[in-house]
Amino acid sequence: MSIATMLLLGTLSTYRLTRLITSDRITERIRHWAEIRSQWLGYLVTCDWCLSLWIAPIVATTLVQAGDSMWVLTGGMALSFSALTGLLAIGEMRASGEAG
């Protein structure tokens, strides 16, 4: 896998995993549990910048160590497609004047 591909997949995968944990409705229970458990952990799972610093090294290590694996490539592509779809949807909502 080229460095450019790793950079693109890594960036978009980190973004998507971070948003999944910090913002998506599907992980509300996890965030609520973390906030009750510990102030630090609660802050971590609600702060995009903070959590991405923990997720990025995991994604980078996975891409460097196993980037030629079809499973890693497929997972990275799926996360990247999801990230781009979400960003396009936000742009579309803003362009049409919808709240979001």
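Is leucine 84 buried, partly exposed or exposed, and what is its relative accessible area? Leucine 84 is partly exposed, with a relative accessible area of 39%, where buried denotes under 20%, exposed over 50% and partly exposed the range in between (1.4 Å probe, protein chains only). The structure is a predicted model, in which local features need pLDDT of at least 70 and side-chain atom pairs count only at pLDDT 80 or more, whereas totals for chains, interfaces and linings use all residues. Residues are numbered from 1 along each chain as its sequence is written, and side-chain values use heavy atoms, with hydrogens and water left out.

The secondary structure of the protein chain consists of 5 helices and 0 strands, these being DSSP runs numbered from the N terminus (helices: H or I, at least four residues; strands: E, at least two). The C-alpha atoms fill a box of roughly 40 × 40 × 20 Å along the principal axes. Of the 100 residues, 25% count as buried. The chain exposes about 7,300 Å², of which carbon and sulfur atoms supply 67%; accessible areas come from the Shrake-Rupley method with a 1.4 Å probe, and for residues only the protein chains shown count as cover.

Leucine 84 lies in helix α5 (residues 70-96). Together with Tyr15 and Leu87, Leu84 makes a nonpolar surface patch of about 230 Å². Patches are made of residues with over 30% relative accessible area and no salt bridge, with like charges joined within 9 Å and nonpolar side chains (Val, Leu, Ile, Met, Phe, Trp, Tyr) within 5 Å; a salt bridge is a side-chain nitrogen of Lys or Arg within 4 Å of a carboxyl oxygen of Asp or Glu.

Not counting residues up to four places away in sequence, valine 72 touches Thr62, Leu63, Ala66 and Gly67, contact meaning heavy atoms within 4.5 Å.

Threonine 18, found in helix α1 (residues 3-22), is buried, with a relative accessible area of 4%. Beyond its neighbours within four places in sequence, threonine 18 is in contact with Asp48, Leu51, Ser52 and Ile55. The threonine 18 side chain also reaches the backbone oxygen of threonine 14 at 2.7 Å.

Technical notes: A polar contact is a pair of N or O atoms within 3.5 Å; within protein, one must be able to donate a hydrogen and the other to accept it, and residues adjacent in sequence count only if both atoms are side-chain atoms.
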